[in-house]
Amino acid sequence: MAALLECRNLSKHFGALAALSHVQLGVEAGRLHSIIGPNGAGKTTLFNCITGEQEPTEGEVRFEERVISGLPPHRLPALGIARSFQ
């Protein structure tokens, strides 16, 4: 089964700091997934790249096999991507 959401070779740099480095992620429909790690591990940066708040330095985010990285955040809810905060 193809992943519903994919990150392919996703990287995000802030100057010399690599917040994400070549992340490979596949999220299948109907499955429960978690992103865990210590403070500073890049979890928020990953979600910001997925939801369009930040543009990846390299790589891409795909949703339903369509590249969504680089799209503005306001376009993503119509495609089925939304974010809520704690």
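Glu65 lies in the loop between strands S3 and S4, where strands (E, at least two residues) and helices (H or I, at least four) are DSSP runs numbered from the N terminus. The model is a predicted one, in which local features need pLDDT of at least 70 and side-chain atom pairs count only at pLDDT 80 or more, whereas totals for chains, interfaces and linings use all residues. Residues are numbered from 1 along each chain as its sequence is written, and side-chain values use heavy atoms, with hydrogens and water left out.

Although Glu65 is not a glycine, its phi is positive, at about 70°, and the residue is exposed, with a relative accessible area of 56% (buried means under 20% relative accessible area, exposed over 50%, and partly exposed in between, for a 1.4 Å probe and protein chains only). The loop between S3 (58–63) and S4 (66–67) also holds Glu64, a residue other than glycine whose phi is likewise positive, near 50°, and which is exposed with a relative accessible area of 52%.

A positive phi, of about 65°, is found again at Gly15, in the turn of the hairpin that S1 and S2 form with two residues between them. Strands S1 (residues 5–14) and S2 (residues 17–27) run antiparallel and are joined by seven bridges, where two strands pair if DSSP finds at least two bridges between them. Phe14 has Leu17 of S2 as its bridge partner.

The structure holds zero disulfides, a disulfide being a pair of cysteine sulfur atoms within 2.5 Å. The cysteine sulfur closest to that of Cys7 belongs to Cys49 and is 8.1 Å away, which is too far for a bond. Cys7 is buried, at 1% relative accessibility, and Cys49 is buried as well, with a relative accessible area of 2%.

The largest pocket holds about 560 Å³ of space. On a 1 Å grid over the protein atoms alone, a pocket is an open set of points with protein on both sides within 12 Å along at least five of seven lines, and lining residues have an atom within 4 Å of a point; a volume is the space filled by probe spheres set on the points, which are joined across faces, edges and corners. Of the 24 residues that line this pocket, Leu5, His33, Ile35, Phe47 and Ile50 are the closest to its centre. Helix H1 (43–50) and S2 each supply at least two residues of the lining, and H1 gives the most, with five.

Note on methods
On a 1 Å grid over the protein atoms alone, a cavity is a set of points where a 1.4 Å probe fits but cannot get out, and a pocket is an open set with protein on both sides within 12 Å along at least five of seven lines; lining residues have an atom within 4 Å of a point.
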